[in-house]
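Colleague: I have a few questions about how the terms are used here. Can we take them one at a time?

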Amino acid sequence: MQLDFDMPVVADDGLEAGVLDRVLVDRERGVLTHVVLRAPFASEELLVSMDLVQGTTGGALRLRPGRDELAVLPRYYEGRTSSLAQGRVDTSRVPQPPERRQELDEALGLSTDTIELGPETRVMTTDQAEVQLVGIGANDPGNDISRLRVRGPAGARADFPASWIDILREDVVALTVARDDILRSRPAPRLEDDKLTDLEGLSGMGGLDGDTPEEMFGPDFVDELRDKSGAFLGVPATGGPAEATDSRAVQPVGSGNEAGAERRRSPRG
């Protein structure tokens, strides 16, 4: 199942339900747990458990509930960047007796290991070339992360296997491979019109806007990358970048969630 940000969402009754805005991931288990929707009938974003997701067909995300049922789902406030993901959820609109409110919160399955990934999340190679995250691939039925879909500054897209993930944070995902490894990946990166590309623009060092890595992510994170020397986090190496179809789940470690939360996102246009 491939979930790309801004893909259309369709309810079980066939009615349009908005677009996919971002996803929530339990990084300890490497599992996709929720999707966040921008819906035309709700002023806030909606939090949808993966239990309510049928899958993706025809470039659209299909849900199990009908559109009317979606209106009573928990709201998700992605702008609350000073809180962990579990603190960005509001269940007050869910029809549940007050005495069962705690039971509902627990049923959502959000924890301190839950992080939010979205179109503002950057993906960085070991030599500090950067691309932007545009989607997440997950295996059925467990919803473990199988790949990342990214876009370079020139518009080219590529899919990375989950085994390339070194550090997983809300603001940045650090890879175990360098830029040249990506250029040799299979399938080859492509532009929107499906033409092959050499990922022109991916070679820039530092931030996508010319900032240095220290300015974008802080010196502690950059030092952490350098100290790790590109080691896999519990995922055995099996040949490196040729694994473009690798479906193993990432096993992220490290806490960096709180430290990067405040600076991970710029205001939307």
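Colleague: Which residues does T121 touch, not counting residues up to four places away in sequence?

Modeller: This is a predicted model. In it, T121 touches E116, Q132, L133, R169, E170, D171, V172 and V173. Contact means heavy atoms within 4.5 Å, so each of these residues meets that cut-off with T121.

Colleague: Why is T121 called buried?

Modeller: Its relative accessible area is 2%. Buried means under 20%, so T121 qualifies.

Colleague: Where is T121 found?

Modeller: T121 is in the loop between β10 (114-117) and β11 (122-124). The chain comes to 6 helices and 16 strands.

Colleague: How much of the chain is buried?

Modeller: Buried residues make up 51% of the 269 residues.

Colleague: Which residues touch the most other members of the largest nonpolar core?

Modeller: That core has 43 residues. L3, L20, V23, V35, L37, L61 and F160 touch the most other members. Another core, of 8 residues, lies apart from it, with A85, V89, L108 and L110 among its members.

Colleague: What is F160 in contact with, leaving aside its neighbours within four places in sequence?

Modeller: F160 is in contact with V123, V131, S146, R147, L148, V150, L175 and I182.

Methods. Residues are numbered from 1 along each chain as its sequence is written. This is a predicted model: local features need pLDDT of at least 70, side-chain atom pairs count only at pLDDT 80 or more; totals for chains, interfaces and linings use all residues. Side-chain values use heavy atoms; hydrogens and water are left out. Helices (H or I, at least four residues) and strands (E, at least two) are DSSP runs, numbered from the N terminus. Buried means under 20% relative accessible area, exposed over 50%, partly exposed in between (1.4 Å probe, protein chains only). A nonpolar core is a set of buried Ala, Val, Leu, Ile, Met, Phe, Trp, Tyr and Cys residues joined through side-chain atoms within 4.5 Å.
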